[in-house]
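This report is written for a reader who has the sequence and the model at hand. Please keep both in view while reading.

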Amino acid sequence: MSPRRGTRRLRLSDPHRRVRFGLAVVLTVLTIIGGRLVQLQGLDGMKYAAAAEELRLTRLDLPAARGQILDRDGNALAYSVEARAIFADPGMIVAPGRTALALAPLLATSADALMGELTADGRFVYLARGLDPAGAQAIMDLQLAGIGELVEQRREYPAEWTAAQVVGFVGQDDTGLAGIEDQYDDVLTGTPGQLVYEQGRFGLPIPAATHSLEEAVPGSDVQLTLDQDLQFTLEQALAVANENAGVSSAQAVVLDVATGQVLAMGGSPGYNAADPGGVRGDQLANPTVSHVIEPGSVNKMITFAGALEEGLITPETELTVPDNIAVSDIVINDAWGHAPIHFTATGILGKSSNVGTVMLAQQLGNARLEEYLRRFGLGTATGIELPAESNGILLPHEEWSGSQAGTIPFGQGVSMTVLQMASMFQAVANDGVLVPPRIVDQVIGPDGTVIDQPGSEPRRVLEPDTSADLRYMLESVTNEGGTAPLARIDGYRVAGKTGTAQRPNPECRCYAGGGYWATFAGFAPADDPRYVIAISVEQPGGSGGGGVIAAPVFTSIMSFALGDNGVAPTGTPSPEFRLTTDED
Amino acid sequence: MSALPAYDRPQRVAGRRTEPTRVSLQRPVAAPAPAGRAPFVALILFVIGAGLIALLVLNTAIAADSFTERSLSQQIEQLRLQEQELQQEIGAAQAPAALARAAVEQGMVPAGPPGFLIVHPDGTTQVVGEAKPATRPPPPARRN
């Protein structure tokens with residue numbers, strides 16, 4: 001021990017060594033400190049400065065309002081309001097039981113249900129969404145630990161059921177899920193903005209510090225061609241039809257003759273856009289564009305259009321029509337048994353004789369019949385601005401079976417949407433010019449600028465003379481001896497066509513027991529058409545024809561459309577119609 | 001502050017006035033300040049003080065304004081939400097179904113077919129259509 005001690009004492013007592021040792025220590029420490037200084041200030045300096053600023057900076061997301069959906073008069077069918085979401089951070093909740101009891105009455109839920117959410121794993125759980133700001137404020141005033149609020153948007157559908165199938169609805173994340181909300185989601189959705197500012201101790205912005213505001217750009221508004229009041233009337237009329245025994249659903253479309261614009265469309269049963277969860281999923285579609293029906297005798301209009309346009313008949317052409325005719329492997333009957341009748345062409349349409357129609361179709365030939373069916377838009381979607389539009393079903397004539405060649409002329413073996421049905425009558429009403437239906441009138445940007453919408457391309461499907469003859473013949477349907485006296489409207493002249501189509505039975509894939517579609521399509525006033533309406537009433541268990549079931553629906557919608565829009569009767573009397581030559 | 005040391009160091013000024021060979025070996029004696037310098041110093045001090053006070057007042061004013069701004073924008077926010085609530089009420093009351101319900105509650109029935117009075121350019125008038133008083137009972141109210 002002692003020699004070592006002595007050595008150490010000796011070494012330490014050497015002043016030169018001591019100084020040098022001290023210097024080395026000091027220099028080492030200084031080098032470390034200096035190096036660290038360079039590292040902090042020079043190399044990482046920017047990072048720490050940014051982190052410090054970040055502590056003061058507050059970023060506030062500014063949600064962009066979703067655009068409105070308006071009817072043609074500017075009534076809002078869908079708009080967004082500011083709302084609040086209440087969330088919980090279960091990790092910060094001290095007394096879940098007391099918190100649940102305090103929140104339950106304000107959130108209109110049970111404390112038990114809340115307990116489950118408040119004690120869940122994780123750091124974030126929504127307790128309520130879409131609350132009114134006042135209601136959320138009442139909750140925030142309780143100052144419960146671990147409970148917070150978020151600003152969000154809530155979609156309002158003030159008209160509820162009215163036009164719900166057209167307007168659609170949005171999901172909880174505010175993206176469109178159906179109808180226009182879906183189709184025009186990109187247009188309706190805005191661009192969120194951001195407010196960035198430095199915050200002082202009490203959450204106040206520090207004046208003259210970093211502050212940048214990126215304004216949210218609201219989404220554009222979509223203005224539809226729908227008329228809210230007419231739409232409501234249409235839905236009421238369908239609801240009334242739906243109360244008939246055996247009726248499962250009904251659809252109707254109203255078009256403006258000159259522009260092809262959809263003024264009202266819908267099917268019953270509908271749904272409440274404010275509560276789309278309240279019905280079955282398959283009822284959330286828009287059946288007037290996505291659901292196909294066999295039109296029945298309504299389709300005879302096209303057979304007659306072809307025969308007139310090709311010069312095979314005039315309205316006065318006489319035909320001797322028996323009550324049945326054999327086509328390929330089937331026999332086609334008229335709806336009523338009769339001895340051979342000397343019908344005029346007008347009489348065949350007015351009385352809706354299947355046999356007479358088939359006789360005309362045989363003169364026309366399958367190829368030309370298909371050409372006319374396609375001219376009127378069958379087998380091709382109209383291109384309306386709505387999701388999930390069906391093309392309908394029309395096979396090329398080469399693939400028609402022998403019996404189909406016999407039934408397509410009167411509307412069995414061919415399928416169409418109710419919108420397509422309305423569109424083909426629009427062409428006849430509009431002097432032979434078909435204007436494909438459209439439902440979006442304009443898109444209005446957030447600054448009020450109107451963004452032009454590509455309109456539809458009108459196309460001529462019939463010569464004006466032919467369509468005038470056809471209008472005359474269709475008017476006979478609602479007159480003395482026709483199939484649809486119930487479609488008459490006091491003071492006005494009405495033209496149209498009834499249909500009663502067999503409905504396939506989904507169980508046996510045959511027509512037996514499938515019930516019927518009662519259809520009617522027509523326009524008024526017959527001599528100066530303004531509105532076209534097509535109607536289909538589905539009756540799996542009923543047997544009413546178009547003239548009995550669908551025509552009254554037509555009348556109630558059309559009389560409202562004419563009266564509400566101030567369309568005066570033309571004041572001209574209906575011409576005389578000669579349906580048969582037998583009595584003369 | 002940084003301006004003051006210049007007046008505490010009169011040696012350079014003094015050095016310029018006296019013989020450099022003699023004075024450089026001993027500490028220079030501070031020459032008394034010239035008569036015109038005190039008011040100047042006072043002026044500068046006053047300017048600095050006034051500047052500081054003005055800055056303080058300005059800062060306070062800005063801070064006070066930011067409080068006012070905050071309370072006003074809170075008020076705007078509150079009024080905006082109130083307006084939104086009222087708009088919602090109007091929207092709901094304007095909906096066709098709500099109007100129809102309100103009309104039925106007041107005993108109104110849908111109108112029958114209207115008559116039209118057509119005034120021709122030559123001044124003669126013509127009645128078209130037949131206006132009938134409404135008799136139809138109100139349709140059954142659908143869905144609540």
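## Basis of the report

The structure discussed here is a predicted model. The values given for it are therefore properties of that prediction.

## A hairpin in chain A

Strand β12 of chain A spans residues 324–327, and strand β13 of chain A spans residues 330–333. The two strands pair in the antiparallel sense, with four bridges joining them. One of the paired positions is A:V327, whose bridge partner in β13(A) is A:I330. Together β12(A) and β13(A) make a hairpin in which two residues lie between the strands. In the turn, A:S328 has a positive phi of about 50°.

Which residues of β12(A) belong to the covered face, and which to the uncovered one? The covered face holds A:I325 and A:V327, while A:N324 and A:A326 make up the uncovered face. In a regular strand, side chains alternate between the two faces of the sheet.

## The interface of chains A and B

The size of an interface is often expressed as the accessible area lost when the parts come together. For chain A and chain B, the area buried between them is about 2,300 Å², and 62% of it is on carbon and sulfur atoms. In terms of contacts, 30 residues of chain A meet 26 residues of chain B.

Two salt bridges are counted between chain A and chain B. One of the residue pairs joined by a salt bridge is B:R80 and A:E82, with the closest N and O atoms 2.3 Å apart. On the side of chain A that touches chain B, at least two residues each come from β3 (76–88), β5 (147–156) and α10 (228–242) of chain A. The most is given by α10(A), with six residues. By residue class, this side of chain A divides into 15 nonpolar, seven polar and eight charged residues.

## Residue A134 of chain B

B:A134 is located in the segment after β2 (125–128) of chain B. Is B:A134 buried, partly exposed or exposed? Its relative accessible area is 35%, which lies between the limits of 20% for buried and 50% for exposed, so B:A134 is partly exposed.

Apart from neighbours within four places in sequence, B:A134 is in contact with B:V109, B:P110, B:A111 and B:G112. B:L86 is 48 residues away from B:A134 along the chain, and the C-alpha atoms of these two residues are separated by 34 Å.

Note on methods
Residues numbered from 1 in each chain as written. Chains lettered and ligands numbered in written order. Predicted model: local features only at pLDDT ≥ 70, side-chain atom pairs only at ≥ 80, totals over all residues. Heavy atoms only, no water. Buried < 20%, exposed > 50% of the residue type's maximum accessible area, 1.4 Å probe, protein only. Pairing = 2+ DSSP bridges. Contact = heavy atoms within 4.5 Å. Buried area = accessible area lost by both parts, 1.4 Å probe. Salt bridge = Lys/Arg side-chain N within 4 Å of Asp/Glu carboxyl O. Nonpolar A, V, L, I, M, F, W, Y, C, P; charged D, E, K, R; others polar.
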